[in-house]
Structure formats: C-alpha cells, structure tokens
Amino acid sequence: MHYIVYTSTTSLPLTEAELSRLLVHWRANNARLGATGVLLYSEGHIMQVLEGAAETVHALFGTIETDIRHRGVTKLADGPVPERAFADWSMRFRAMDLADYNRFVHRMKAAPNHASSLAPLLEVFMGPQAW
C-alpha cells in the first residue's frame with residue numbers, strides 16, 4: 001500500500017455544480033482503480049491524499065501533474081503505508097473557506113509524513129460537512 005499527499009491550484013475556479021459532476025467521475029475512476037483518499041477544495045486550491053497500490057497512486061499523481069486544470073502541483077508526502085487510512089472513502093470531499101484550508105494545509109505539513117498519522121486529523125476535520 002502506498003500514499004501521496006499533494007497541493008495544487010486549479011487553472012480556473014470550479015463551481016459547486018462543476019465539482020459535483022467531476023466528483024462522480026473521479027470517485028468512479030478511483031473505485032475502478034482501487035484508490036481511496038480525501039480531497040479538500042477552497043477557492044481554486046486543492047489538497048488531496050491518494051492511497052492504493054504504488055503503481056496506481058503514482059499513475060494517478062502523474063496524470064494530475066500533467067492535467068492542464070492543475071497548476072503548481074506540490075507533493076507534500078509520498079511513501080509506503082502498512083494499510084489504508086481511508087479504506088471507506090473512494091474520494092471523500094470537503095469545500096471550505098480559504099482561511100480554514102490554509103490552516104489545515106499548515107497542520108498537514110507539520111504532521112509526520114505517514115498517511116495513518118494523517119487519518120485521525122482528516123477524519124476530525126472532514127466531519128459531517130464532507131460529501
């Protein structure tokens with residue numbers, strides 16, 4: 001099992017309707033590939049945790065890095081994990097205001113680079129407002 005955490009900025013801000021449409025596609029793709037994780041979005045800023053087989057996670061990240069809808073893709077963490085931290089989430093999603101997003105990304109950067117250590121932080125943060 002492997003994970004990658006990254007941040008990026010969208011080329012154009014996405015509306016809630018656009019995000020909902022894209023999430024349907026992304027979740028189906030992740031389920032087909034056996035990938036799980038979390039996506040946070042705020043005013044064009046993205047933070048995502050992807051987990052699954054190393055080849056799958058690296059292929060997904062490679063696609064994201066070359067996707068013209070993303071700019072400034074920055075990998076925050078990349079490594080093996082003993083088990084999935086987000087096994088029940090093909091792609092959990094939460095939109096938030098920019099101040100909360102920035103505080104959360106700062107906390108993520110300060111956390112140990114291990115998906116299982118990020119899981120409790122993300123589960124509390126995602127709460128009932130996540131999709």
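Colleague: Which residue is the bridge partner of Val38 in S3?

Modeller: Val38 has Val49 as its bridge partner in S3. Helices (H or I, at least four residues) and strands (E, at least two) are DSSP runs, numbered from the N terminus, and two strands pair if DSSP finds at least two bridges between them. Before going further, this is a predicted model, in which local features need pLDDT of at least 70 and side-chain atom pairs count only at pLDDT 80 or more, while totals for chains, interfaces and linings use all residues. Residues are numbered from 1 along each chain as its sequence is written, and side-chain values use heavy atoms, with hydrogens and water left out.

Colleague: OK. In which sense do S2 and S3 pair, and over how many bridges?

Modeller: The pairing of S2 with S3 is antiparallel and runs over seven bridges. Two residues lie between the strands of this hairpin, where Glu43 takes a positive phi near 45°, although Glu43 is not a glycine.

Colleague: And is Glu43 buried or exposed?

Modeller: Glu43 is exposed, because its relative accessible area is 55%, where exposed means over 50%, buried under 20% and partly exposed in between, using a 1.4 Å probe and protein chains only. Glu43 sits in the loop between strand S2 (36–42) and strand S3 (45–52).

Colleague: What about S2, how many of its residues are buried?

Modeller: Seven of the seven residues of S2 are buried, so the strand is largely enclosed by the rest of the structure. Thr36, Val38, Leu40 and Ser42 point one way from S2, whereas Gly37, Leu39 and Tyr41 point the other way. In a regular strand the side chains alternate between the two faces of the sheet.

Colleague: Which residue in S5 does Val38 stand opposite?

Modeller: Val38 stands opposite Arg92 in S5, and S2 pairs with S5 in the parallel sense over four bridges.

Colleague: Then what is the order of the strands in the sheet?

Modeller: The five strands form an open sheet in the order S4-S1-S3-S2-S5, with mixed pairing. S4 and S5 are the edge strands, each pairing on one side only. From one strand to the next the twist averages 10°; angles here run from 0 to 180 degrees between N-to-C directions, and axes are lines fitted to C-alpha atoms, for helices over the stretch in contact.

Colleague: Over how many bridges do S1 and S4 pair?

Modeller: Strand S1 (residues 2–10) and S4 pair over eight bridges in the antiparallel sense, with Ile4 opposite Asp78 in S4. Helix H3 (residues 98–110) packs on the sheet, touching S1, S2, S3 and S4, and its direction makes about 40° with that of S3; contact means heavy atoms within 4.5 Å.

Colleague: Staying with H3, which of its residues are buried?

Modeller: The buried residues of H3 are Tyr101, Phe104, Val105 and Met108. Seen down the axis of H3, these fall within an arc of 100°, so they line one face of the helix; the arc is that of the directions from the helix axis to the C-beta atoms. The face turned away from that buried side carries the exposed residues Arg103, His106 and Ala110.

Colleague: What caps the N-terminal end of H3?

Modeller: Asp97 does, with a side-chain oxygen 3.2 Å from the backbone nitrogen of Ala99.

Colleague: Switching to H1, how far apart are its end C-alpha atoms?

Modeller: The end C-alpha atoms of H1 (residues 16–33) are 25 Å apart, which agrees with the 26 Å that its 18 residues should span at 1.5 Å a residue, the expected span being 1.5 Å times one less than the number of residues. The buried residues of H1 are Leu19, Leu22, Leu23, Asn29 and Asn30, and what covers them includes S2, S3, H2 and strand S5 (92–95). H1 is followed by Gly34, whose phi is positive, near 80°.

Colleague: Last topic, Ser8: which side chain does a polar contact join to that of Ser8?

Modeller: A polar contact of 2.7 Å joins the side chains of Ser8 and His70. Such a contact is a pair of N or O atoms within 3.5 Å; within protein, one must be able to donate a hydrogen and the other to accept it, and residues adjacent in sequence count only if both atoms are side-chain atoms. Ser8 is found in strand S1 and is buried, with a relative accessible area of 3%.
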